[in-house]
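The sequence and structure come first.

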Amino acid sequence: MNTLTTRCVAQTLNALHAEAEIADREHIAGRIAQIETAGETFAQAVPRWLTEERAGYQQIYRGYAGNFLAVSPAYGRFLYMIARTCWAKRIVEFGTSMGISTLYLAAALRDNGGGRIIGSEIEPSKAARARANLEEAGLADLVDIREGDALDTLRAVGGEVDLLLLDGAFSLYLPVLRQVEPFLTRGAVILGENAFDPTYLDYVRNPENGYLSQSLAIDDGRGNEFTVRTA
Ligand SMILES: C[S@@+](CC[C@H](N)C(=O)[O-])C[C@H]1O[C@@H](n2cnc3c(N)ncnc32)[C@H](O)[C@@H]1O
């Protein structure tokens, strides 16, 4: 038995994934339609999204207050397994949303014997919902969700970090990584979900920066990058 498959956690996750599917259907269809209408490929759309985000990610994510934009169940299970594999004790998450990914990570911490997840969420209503979801699953004691811009809230993470999940504004992966970098343990895992920004990918794929990195074959097309801190 493990915490992820206990009735309480599994029921909370199943209900949230179902709710997310409905809440995000229109958003995903809209994105696909936008690409088709513009006659763009996905690769051509990415630089445009990054430019739009850089001009005002706060406003863009305010507009997604009702969206989950969550990891898939397959990626969530991977999060649980990788946190178990590396015996993570301290985890930082950029982009908590309603707490789906956080639930998978918190279940792993429980089975690792305890620890702390420092989450970050810019949208107050989402941070409140994430806290309630973690409470419902009995995992709230493992999580500190910091409300506000991660560029401020993740400035001081208060100790070593074994696992970093980057799943917030696409254009901020490199600045958030650089902020947390001094706290990463040797061998720490950094997971980029929707890691599309070439400045981020160039950085973590250059061994001179103290990382080894490659794309991860889960949820093809979602830009999943798997990185290990080697230095
Ligand atoms: C893709 S969703 C995260 C999904 C979540 N990890 C999950 O799987 O359930 C991205 C989230 O990052 C948040 N976000 C975007 N920019 C942020 C920032 N600068 N600081 C903190 N949160 C941010 C958004 O409000 C949004 O809820």
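## Basis

The model is predicted: local features need pLDDT of at least 70, side-chain atom pairs count only at pLDDT 80 or more, and totals for chains, interfaces and linings use all residues. Residues are numbered from 1 along each chain as its sequence is written.

Helices (H or I, at least four residues) and strands (E, at least two) are DSSP runs, numbered from the N terminus.

## Helices α3 and α4

Two packed helices are described by the angle between their axes and the distance between the axes. Axes are lines fitted to C-alpha atoms, for helices over the stretch in contact, and angles run from 0 to 180 degrees between N-to-C directions. Helix α3 (residues 73-85) packs against helix α4 (residues 100-111) at an angle of about 30°, and the axes are 8 Å apart. The two are therefore roughly parallel (angles under 35 degrees; over 145 is roughly antiparallel, 65 to 115 roughly perpendicular and the rest oblique). The crossing of α3 and α4 is right-handed (the near helix is turned clockwise from the far one by less than a right angle; anticlockwise is left-handed).

On the α3 side the contact (C-beta atoms, placed from the backbone, within 7 Å) is made by G76, L79, Y80, A83 and R84. The α4 side contributes I100, S101, Y104, L105, A107, A108, L109 and D111. By class, nine of these residues are nonpolar, two polar and two charged (Ala, Val, Leu, Ile, Met, Phe, Trp, Tyr, Cys and Pro count as nonpolar, Asp, Glu, Lys and Arg as charged, and the others, Gly among them, as polar).

## Helices α1 and α4

Helix α1 (residues 7-38) and α4 cross at roughly 160°, with axes that come within 10 Å. These helices are therefore roughly antiparallel, and their crossing is left-handed.

From α1, the residues V9, T12, L13, L16, H17 and A20 meet I100, L103 and A107 of α4. This contact has seven nonpolar, two polar and no charged residues.

## Ligand shell

The ligand is surrounded by 24 residues (C-beta atom, placed from the backbone, within 6 Å). The closest are A70, G95, I100, S101 and A150. Two or more shell residues come from each of α2 (42-62), α4, β2 (116-121) and α6 (150-153). The shell divides into 13 nonpolar, six polar and five charged residues.

## N67

N67 lies in the loop between α2 and α3. This residue is partly exposed because 18 other C-beta atoms lie within 10 Å (20 or more is buried, 12 or fewer exposed, and in between partly exposed, with C-beta atoms placed from the backbone).

Leaving out residues up to four places away in sequence, N67 touches A23, D24 and H27. N67 and I28 are 39 residues apart in sequence and 10 Å apart in space, C-alpha to C-alpha.

Key
Two residues are in contact if their C-beta atoms, placed from the backbone, lie within 7 Å.
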